Amino acid sequence: MPQTNPFHSLVPRKLTDSELARSIRLNIEAELDAINLYAAHLDATDNEEAKAILRHVMDEEREHAALFWQLIARLDPEQAQHAQQQSQGVKISKPQE
């Protein structure tokens, strides 16, 4: 698996909140990608031991994504405002079974 160089985007100064928010959005993308990868592995096996481990790791990635979204809300107030407006304006109903 390719590894990201943790120093590839270092700048000679501390990041502003706006710059950090942009970086955290990339972290969210990586977490979602990992969730999809683990979900595909779950679908591809009947091995219950492997599935239990994959579910556990996938849940941790979901937690990371949620924490990053909370951080984005603090780093980028405009993004937080959009999220709040959209959550108030969109009503999602569950389909009838």
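Biologist: Is D59 buried or exposed, or something in between?

Modeller: Burial is read from relative accessible area, where buried means under 20%, exposed means over 50%, and partly exposed lies in between, using a 1.4 Å probe and protein chains only. In this predicted model, D59 has a relative accessible area of 42% and is therefore partly exposed. Local features here need pLDDT of at least 70 and side-chain atom pairs count only at pLDDT 80 or more, while totals for chains, interfaces and linings use all residues. Residues are numbered from 1 along each chain as its sequence is written, and side-chain values use heavy atoms, with hydrogens and water left out.

Biologist: With which residue does D59 form a salt bridge?

Modeller: Side chains of opposite charge can pair when their charged atoms come close. The term salt bridge is used for a side-chain nitrogen of Lys or Arg within 4 Å of a carboxyl oxygen of Asp or Glu. D59 pairs in this way with R62, their closest N and O atoms being 3.1 Å apart, and R62 is also partly exposed, at 43%. Because D59 and R62 are three residues apart in helix 2, about one helical turn separates them; helices are DSSP runs of H or I with at least four residues, numbered from the N terminus.

Biologist: How many salt bridges does a search of the whole structure find?

Modeller: The search finds three. One of them joins E19 and R13, with 2.7 Å from N to O, and R13 is partly exposed at 46% relative accessibility. R25 and D76 form a salt bridge as well, with their closest N and O atoms 2.5 Å apart. This pair links distant parts of the chain, since R25 belongs to helix 1 (residues 17-43) and D76 to the loop between helix 2 (48-75) and helix 3 (77-89), 51 residues apart.

Biologist: Which residues of helix 2 are buried, and against what do they pack?

Modeller: The buried residues of helix 2 are K51, L54, M58, E61, A65, F68, I72 and L75, and they pack against helix 1 and helix 3.

Biologist: Which side chain of opposite charge is nearest to K51, and which residues does K51 touch?

Modeller: For such a reading, Lys and Arg count as positive and Asp and Glu as negative, whereas His and the chain ends are not counted. Although K51 is buried, it has no salt bridge, and the nearest side chain of opposite charge, E48, is 4.3 Å away. Leaving aside residues up to four places away in sequence, K51 touches L42 and T45, where contact means heavy atoms within 4.5 Å.

Notes:
Helices (H or I, at least four residues) and strands (E, at least two) are DSSP runs, numbered from the N terminus.
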